[in-house]
Amino acid sequence: MKHSDEAIEKVLAGLRDVEIPAGMERRILDGLEERAARRAEAGRRWYRPVWRGVPAAYVACGVAVVGLAVVMLMVPAVRRFGHGGVQSQMGVAPVKPIPAMRSTIASRDTETVLHASDVRFAKRVDAAESGLGRAGDSAGGSEDDVALSETRAASFPAPPMPLTDQEKLLLRLAHKNDPVELAMLDPKLRELQDAEDQAEFQSFFSVPVVKQPAPEEQAQPEPTATEQAAHGESTAEKPASKQAAPAGDQAVPAPQPDEDSELKQSRAKQVKAKTITTGL
Amino acid sequence: MASVEGFSLVLSSMESSRTEVDLATLVETYSSLLFRVVHSVVRSRAEAEDVVQDVFVRVLEHRRSLADVREMRVWLIRIAWNLALDRRRRIRPEQFDEGFAEGLVARDLPVDEALNEARRMKAVLREMERLPKAERHVLLLSVTEELGTADMAKVLGRSESAVRALLFRARTRLRERLEEGEKR
């Protein structure tokens, strides 16, 4: 048992005390550096364009084939249309700026700019035509002059740019032409409108004019209760309507309620006395 | 840029300086420990060094997650342990046992005693290989002095008490088998 324990401990100690190889760390770091460099190289290769590895000969052949195809396509077109440069020198009707390009809501300033550009363009065309005429007179010997004048001529004015949203909003605001808003800008019309509004206000809140009873009407006897019922009037509504009407500057002052009650009482007494005498 | 014994580790320009320092420092600090752990499994110095190299390659691949590693020591030992077990499946450690056992015998012994001693060492290594897997792993990990029971438990994914029990059973079983072999 002792021998086996010693053997076990010896083996374990041998495993434990194993000698580290000299320069192991350096070799490990060397290997790591090499591997990192390889990874970086692989990363750069990953970003490298694919066509870089294609031989230059294939690229040259491809370019030549494409150029040949372009030439073959261009030759019939050139024959069909003739000499394009001469045709332009012969004064083909110039392409004017498309009227539809002008915005319908553009201001007059924009239109004047367009007209000015048309005028300049017409002048330039006239100059070119006159130059061409001179060139024709000189038996076509001064084509270079024509070409030179063409190159020196003012270039076509660029078509007006479409209005931005902000410009469109400004135009819409400036050309709204609302009569009410325009009238509010005029001080006379504004004062007139204020006066009309004031008069309408006064007429709405003014007290209706009450008629003064005539002296003959005061002498007439007061109708009886049955007569009042027949007319559908109520004595209680009158003071209420009178109270509801506010006192205005132009209103006639209403009679005092105390005087009314005394008059009514005296008239009622007279009517009673008459009925008693007639009944007797 | 970090330097280890005059060596400067140059990584790609895309690597951060912190990663460079960490990697060089890790190699300097843990390479010996990892070598012993791996050597206890493969029992070959060349293979052990190769496995340690692979460990730091793995670290280089996971350098972006180094900051998330809580226990760097245990993490590295676990990587080394798994790589060593994987290497052990490809090589036959028994082929290296003879040379290792002869290296354990004292050189001042007579030849016959040295042969007997070498034979005993080979018997111990052979019986260690015959131990159950869990017991063998605990016994091999216990070889490294720097590793305590808690570290072994974390590496093997077991509780500390289980590690202690496995270590006791491994020693007992190994002793019994060696005695039985001596009796025969």
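## Chat about the two-chain model

Colleague: Is Arg43(B) buried or exposed?

Modeller: Arg43(B) is buried, because 26 other C-beta atoms lie within 10 Å, and the cut-off for that label is 20 or more. Keep in mind that this is a predicted model.

Colleague: And where does Arg43(B) sit?

Modeller: In the loop of chain B that runs between helix 1 (17-42) and helix 2 (45-61).

Colleague: Okay, zooming out. How many helices and strands are in chain B?

Modeller: Chain B has 8 helices and 2 strands. Going from the N terminus, the order is β-β-α-α-α-α-α-α-α-α.

Colleague: How much of chain B is buried?

Modeller: 35% of its 184 residues. As for contacts in chain B with a separation of 6 or more, 59% are between residues 24 or more positions apart.

Colleague: Which residues of helix 3 in chain B are buried?

Modeller: Leu76(B), Ile77(B), Ala80(B), Trp81(B), Leu83(B) and Ala84(B).

Colleague: What should that helix span, and what do the end C-alpha atoms give?

Modeller: Helix 3 of chain B covers residues 72-90, which is 19 residues, and at 1.5 Å a residue it should span 27 Å. The end C-alpha atoms are 27 Å apart, so the two agree.

Colleague: Switching to helix 6 and helix 8 of chain B. At what angle do they pack?

Modeller: About 95°, with the axes 8 Å apart; helix 6 is residues 133-142 and helix 8 is residues 160-183 of chain B. That makes helix 6 and helix 8 of chain B roughly perpendicular to each other, because angles from 65 to 115 degrees get that label.

Colleague: Which residues meet there?

Modeller: From helix 6 of chain B you have Ala134(B), Glu135(B), Arg136(B), Val138(B), Leu139(B) and Ser142(B). On the helix 8 side they meet Val163(B), Leu166(B), Leu167(B), Arg169(B), Ala170(B) and Arg173(B). Sorted by class, that contact has 7 nonpolar, 1 polar and 4 charged residues.

Colleague: How far apart are Ser142(B) and Val163(B)?

Modeller: 21 residues in sequence, and 9.7 Å in space from C-alpha to C-alpha.

Colleague: Now chain A. What are its elements?

Modeller: 13 helices and 0 strands. Of the 280 residues of chain A, 5% count as buried. Among contacts in chain A with a separation of 6 or more, residues 24 or more positions apart account for 71%.

Colleague: How many residues of chain A are in contact with chain B?

Modeller: 27 residues of chain A, in contact with 37 residues of chain B. On the chain A side, helix 1 (2-16) and helix 2 (24-47) each supply at least two residues. Helix 2 of chain A gives the most, with 12 residues. The chain A side divides into 15 nonpolar, 4 polar and 8 charged residues.

Colleague: What ipTM and pTM does the predictor give the complex?

Modeller: An ipTM of 0.79 and a pTM of 0.46.

Colleague: Where in chain A is confidence lowest and highest?

Modeller: Lowest in helix 12 (residues 237-244) of chain A, at a mean of 44, and highest in helix 9 (residues 187-205) of chain A, at 88. Residues 84-114 of chain A stay under 50, with 25 contacts beyond four places in sequence in the model. Residues 232-255 of chain A are also below 50, and there the model has 17 contacts beyond near neighbours in sequence.

Colleague: How should low pLDDT be read?

Modeller: Where pLDDT is low, the predicted coordinates should not be read in detail.

Notes. Residues numbered from 1 in each chain as written. Chains lettered and ligands numbered in written order. Predicted model: local features only at pLDDT ≥ 70, side-chain atom pairs only at ≥ 80, totals over all residues. Contact = placed C-beta atoms within 7 Å. Helix = DSSP H or I, 4+ residues; strand = E, 2+ residues; numbered from the N terminus. Nonpolar A, V, L, I, M, F, W, Y, C, P; charged D, E, K, R; others polar. Expected span 1.5 Å × (residues − 1). Buried ≥ 20, exposed ≤ 12 C-beta atoms within 10 Å, placed from the backbone. Axes fitted to C-alpha atoms, helices over the stretch in contact; angles between N-to-C directions. Parallel < 35°, antiparallel > 145°, perpendicular 65-115°, else oblique. pLDDT = per-residue confidence, 0-100.
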